[in-house]
Amino acid sequence: MCSSEAGYMETRVVAVGQRRPLQPEDLSPLSEEDSVQHVCSTFQQHWSRLEEAHHQEDQFCPHPCCPLSLWQVSARPEAEEELLFPGPSSVRPGFSLLHALWMTFSHRLLQVGLLRMLTDLLELMAPLALRWIILFIENQAVYDWQGRTYVLVLVAVVIGHSLVEQLHEKHSSMTRAKAQVTLTAMLYKKLLLVSRHLHCRPVLTPAHPPAPSPCPSLICPPHLWATAADVDVEKVSGLVVTLPLLLALPARVALCLGLLWRELGLLSTLAGVTVLLLLIPVNSAVRHRATQLKRSQMKARGERESLLMEMLTKIKMLKQLGWEGWFQHRVTTARDQELDSLSVLGYLTTFSTLGSLFVPFLVCVSSFGAFVLLDDVNVLTPSQVFTSICLFRLLRPSLLHLPNLSPTLTQAKCSLCRLENIFRSENGDLDCCHPASPAGEDVHVDHDLTSCSLTEALQRTNLGDPEQLRDVKAETDHPSSSGDSGAGLRRYLQSFGCAWVLLSLVAQLGLVLVSVGQDGLLGVWTSEAKEVQGLEGWTELRDSRVALYVLLGMLQAMVVCAAAHFLAQGSLRASAELHTELLNSTLHLPLTHFQTHTHTTLLLHAFTRDVCVMDEQVAGCLHAWVHSQLCVYAAVFLLSVVTPVYILAAGPPLILLFRLQSQYTPVSRRMEHLEKASRLSVKALFREMPPGDRGDGGGHGNRDAEALHPASLYEDRSLSHCHQVLHHYLLCHFNRTIMDRWVTLRLDAILSLLVFLVTLILLDNTDALDSGTVGLALLYALSMRGVFHQWRAASSDVHDCVRAVRNIAEYSALEKEGPWTLPHRVPPGWPQWGEIELRSPESTPSSSDDHNPALRGVSFHIQRGEKVSVLSGDAADAEALVCCLLRTLEGASGTLLIDGVDVAGLGLHDLRRRINLIPQVPVLFSGSLRANLDPARRLPDAQVWLALELCHLKPAVQELPGKLLHQVTDRGHISLSEGQRRLLCVARALLWPSRVLVVEEPLAPVEPETEHLLQHLIHTEFSSCTVLTLTQNPHTIMDSDRVLVLDKGRLLDFDTPTNVLQRNAALLAARHRQRRL
């Protein structure tokens, strides 16, 4: 596709996006060459030819029963070498996956490599053009055709570099996406083969047991190894970017060193390069330490998220017991431990980030200092200083990136071996899971889908349905629901603290001013050097300027340390405050909020991914955004001071620049959302199958034909669905890439115009300006492009990160349940008798459903100490009564009195902790067994043992390894039967006596002895209590004083068991038959 067509399509898409939200049908179509069908069929042709040649030779395999034993190749380096670079006795090199990819994308890869080399060459031309202009001014030449030529050369270099760089980014991104799509399609095809193989695998009878395999393996569902192999797909497709760097980076480093050698000489160049080389082991040590701290932090985070997961799944029992404060304390304690690890990691990361701003000073002071101190006759000129600064800025990222190529290529090589092994497996016989990544290997996890902790948590509680999770994530990231990011930013800054915000801004401003001062000092120094006469005057000037430059460097180091401290302290304060606010808001939400899958998933998402983003990314993104913005302002201010006319000439282009940026931003974010949604659809391919007949065979007629035709039809339909999803992803990625490149080109065109204006103004005022001032101004004019694009990227990152803060802050605005405690506490000893009176309550009449059960027009009066059975037709009626008693569902009208006290005027904990409940399903929390009985440790051990003895649990608890301190897992696992767990709930009620006891019928069958013991305790230990037994079994009501019959939320009868059975015999018989069914 030519540039004019791409520009026209991009303009049309932007025009549509400005009128309304973009839809997939608004995007520009892909060309035939870029279509999924074309690239997949081309790769398949090359791969098939290589496979045909490969099958003519003996395939290497250690054991015939384990064709994928080479998946353990990461543990055998020699096997990796043999697979990827085979020797003469093995398979030929042309059969590798790398060869097939090269044959498919060779033209594009060569194009990307050449564009990369040309980009580096043009980037190196900018310092040379800067040097020529400064030398032109130093020679006091007249501004004629030669000066105009230098201006045109500089602008042409800037425009040409931008154009070639955007072409490189476009082709690199598209080629990488096409390689990723091709490998994903192959993986999906292999998944279909594996699924059919596993489905059609015959089941061996015990008479013919399978022979033991000498290659032990784990049976793994296909979608799991396919999801793990997706990491390998990303690494292999990343070779599109990595391979051109193998030639470009060394050439770039060599050219920079050669040009620096020409400017400063060998020793001075080596002094500056030595500083950069020393940064490599320093950065490596910092990364290693950060990795260790990250492991510690992840361990603490895992403990916190495990508690949060337990809290969300057992929130009903927590609220009914009134134990939210206990769990809040536990989560807060785990959070404090996580923040301790995060504080050290935050300081290290912040110092590393801000320390990079100190590196230019170290390089300049070492190289320039060595130059002027090695020989007294060495005098720095503006051309040397500012050309060297530009070259060192280009050399630094290249030199630091070179050591990263080796581990990247090693990981890509392992990924190539594994993927090739998958594609070459026969009949989809995959019996081994994808191996775990080697220690220290940086595995890419796409946080746009979910965090690892979130995924594990969802899987553990069956909440992690991928389709629902994808829908929830897409809804969360949809621009129409994301709201204004300014609200999230204001909330974060408020939590950050006004003092820390102000100090951080002052420190950031100080960093920029000191950096400008250092560059300005170099410009003044080189200008003054031309006026100095004699060696003694030069030596005096050199010593004073070097001392002042070092003093500014020391000041910069102090400001860096202060900025790091302010940023780390403020971010820790914000993380702690926002997490506390989220936890407190969650625990105060009404129970109905947790009874839908979507709300629980979103809450878990907020506690995991959003909190992770807040902890690790928001502060860094805000720092980058503020620093880049200050750098833009500093460049404009400096140029305006040097040439005041510049602000008049550059005013309209600057206004146009920011207007263009604001015009494209909403459309670009919508495009980003479309691409994210399409990428999530691609990731979901391996977890879901399109609807339809799986082709299991069966039926009448020709069994052989029917056994094959439906399966092949299903595979064709599945492959077609896969290609459609991949086509949609490639379409969105293509349009976003084209849009981003064209937006950048337009912005670069305006920035190039600013460079042109600056250069014209400077050359037109050579009489009033010296070469040092001109060099300083041109240096900042050329740097405006880089800092402006850094500001653009940081603005986008801030918008994305602040969305997480907004999601967290939104829970504070949700409607909460009543307060836990109130200043006017209930009378001491309340309730004294347990008399219950209900007067016509009506719970949420407009929203009565399974999640919001309702009682309509129910009024009754229960005497003190009365034993009442509540006989209901379904669980909703019993649930409605419990909700009414404990106020877990607030009533819209009606009154509930206990001992004459209206419970609506009580704090929730004052009420719930005075009503004992033995639930349907006995719930135990993680921690010690004693904490499940007395979480606040207010009771002596003797009283706890007495309660256990009354429940016949003392021998069983004494046999546990830790006795009362025996730990219960986060899932409530303990070496006790279901009946014993139910008796633990009875012991919990015995420890905290109340005049009202609610006993729910057990959901799962328990031992008869347990129920007999419970009835015995009700008539002995709870003899003075009012007991409400909730049941659906009419055979269990005879021991009650009275029976309350509920049906669909209404009161049918309330009398003695005998009278109830006589008047409602038909209804109870029908219920009994339904219960048996």
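Leu246 is partly exposed, with a relative accessible area of 37%; that label covers the range between buried (under 20%) and exposed (over 50%), worked out with a 1.4 Å probe on protein chains only. Leu246 sits in helix H7. Keep in mind that this is a predicted model: local features need pLDDT of at least 70, side-chain atom pairs count only at pLDDT 80 or more, and totals for chains, interfaces and linings use all residues. Residues are numbered from 1 along each chain as its sequence is written, and side-chain values use heavy atoms, with hydrogens and water left out.

**The nonpolar patch**
- Leu246 teams up with Leu98, Met117, Leu243 and Leu247 in a nonpolar surface patch of about 410 Å².
- To join such a patch, a residue needs over 30% relative accessible area and no salt bridge; nonpolar side chains (Val, Leu, Ile, Met, Phe, Trp, Tyr) are linked within 5 Å, like charges within 9 Å. A salt bridge here is a side-chain nitrogen of Lys or Arg within 4 Å of a carboxyl oxygen of Asp or Glu.
- Helices H4 (97–138) and H7 (239–264) each supply at least two of the patch residues, and H7 has the largest share, with three.

- In soluble globular proteins, nonpolar side chains tend to be buried together.
- The largest nonpolar core here has 135 residues, and Leu97, Leu183, Leu419, Phe423 and Met784 have the most contacts inside it. Helix H22 (residues 703–764) gives the most to this core, 20 residues.
- Another core, of 81 residues, lies apart from it, with Leu312, Leu587, Trp830 and Ile862 among its members.
- A core is a set of buried Ala, Val, Leu, Ile, Met, Phe, Trp, Tyr and Cys residues joined through side-chain atoms within 4.5 Å.
- Setting aside neighbours within four places in sequence, Phe423 is in contact (heavy atoms within 4.5 Å) with Trp47, Leu97, Leu183, Met186, Leu187 and Lys190.

**Around Val501**
- Val501 belongs to helix H17 (residues 498–529).
- Val501 and Gly570 are 69 residues apart in sequence but 7.3 Å apart in space, C-alpha to C-alpha.

**The whole chain**
- The protein chain has 31 helices and twelve strands; both are DSSP runs numbered from the N terminus, helices being H or I with at least four residues and strands E with at least two.
- Of its 1077 residues, 53% count as buried.
- The chain exposes about 47,700 Å², with carbon and sulfur atoms supplying 60% of it; accessible areas come from the Shrake-Rupley method with a 1.4 Å probe, and for residues only the protein chains shown count as cover.
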